[in-house]
Amino acid sequence: ILNCNLTLNGTLLLTSGDFDVYNKILTLGSSATVSGETNNNWIISTSETNKGTITTTRNLTSGISGYTFGNIGIAVTTTSVLGNTVVTRSFEPVTVGLYSGISKSFTILPTTNSGLNATFVFYYFGNELSTEHNPPDMVMFQSTDNGATFQQVNSINNWNSGNLSGSLTDTALGSFGPNNIWTSSDKDNPL
């Protein structure tokens, strides 16, 4: 369990068991990475309230291809120059009405946030889903008003039942949106 806010400048290597950020902030430095995160070794927050986060700021001065922001759980491809980009991974499931999303969401705040024509990939593990989620039916949701409302995003789901992991891919993304939150739920539990 992470017991204080921490800035990591190297590699967080997950080899056996989970890494619990609890209610703290893990900041990945400009070249720090997460390695070895799987369905069996994943980053979680077990805090009942005020769940922890992982955040990183990367200064992107050229186009990027499959850029993972230190393997934080997403990948982005775009020819646009995003500039200083802050990505935060949160662990509180988003709840709208009767439905809750998975225990992972992202806020992505690039300096350049329009005309991106980007491919955005959101990675998830089976352990991040609740019993109401059916992995092959997972879809991506986006909020552009700090979570007041969510819209389903046209995304392609690639679920691997062998290693219990999946990805959701949105292509031709023009903008991450202002005040954005990205998460996932299944199509029968829309946000």
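This is a predicted model: local features need pLDDT of at least 70, side-chain atom pairs count only at pLDDT 80 or more; totals for chains, interfaces and linings use all residues.
**Entry 1: strand S4**
I started with strand S4, residues 25-28. Its covered face holds Leu 26 and Leu 28, while Ile 25 and Thr 27 sit on the uncovered one. I remembered a handy rule here: in a regular strand the side chains alternate between the two faces of the sheet.
Next I looked up the partners of S4. Strand S1 (residues 6-8) runs parallel to S4 and is joined to it by three bridges, with Thr 7 opposite Thr 27. Strand S7 (residues 53-60) is also parallel to S4, through four bridges, and there Ile 25 stands opposite Thr 53.

**Entry 2: the largest pocket**
I found about 240 Å³ of space in the largest pocket. Its lining has 16 residues, and Glu 37 is among those nearest the centre. Strands S14 (118-125) and S18 (165-173) each give two or more residues to this lining. I sorted the lining residues into six nonpolar, eight polar and two charged.

**Entry 3: salt bridges**
How many salt bridges does a search of the whole structure find? I got four.
Glu 37 turned up again, paired with Arg 89 at 2.9 Å between the closest N and O atoms. These two are 52 residues apart in the chain, and both are buried.
Arg 89 also meets Glu 128 in a salt bridge, at 3.5 Å from N to O. Arg 89 lies in strand S10 and Glu 128 in the loop between S14 and strand S15, so this pair ties together parts 39 residues apart in sequence.

Conventions. Residues are numbered from 1 along each chain as its sequence is written. Side-chain values use heavy atoms; hydrogens and water are left out. Buried means under 20% relative accessible area, exposed over 50%, partly exposed in between (1.4 Å probe, protein chains only). Two strands pair if DSSP finds at least two bridges between them. On a 1 Å grid over the protein atoms alone, a cavity is a set of points where a 1.4 Å probe fits but cannot get out, and a pocket is an open set with protein on both sides within 12 Å along at least five of seven lines; lining residues have an atom within 4 Å of a point. Grid points are joined across faces, edges and corners, and a volume is the space filled by probe spheres set on the points. Ala, Val, Leu, Ile, Met, Phe, Trp, Tyr, Cys and Pro count as nonpolar, Asp, Glu, Lys and Arg as charged, and the others, Gly among them, as polar. A salt bridge is a side-chain nitrogen of Lys or Arg within 4 Å of a carboxyl oxygen of Asp or Glu.
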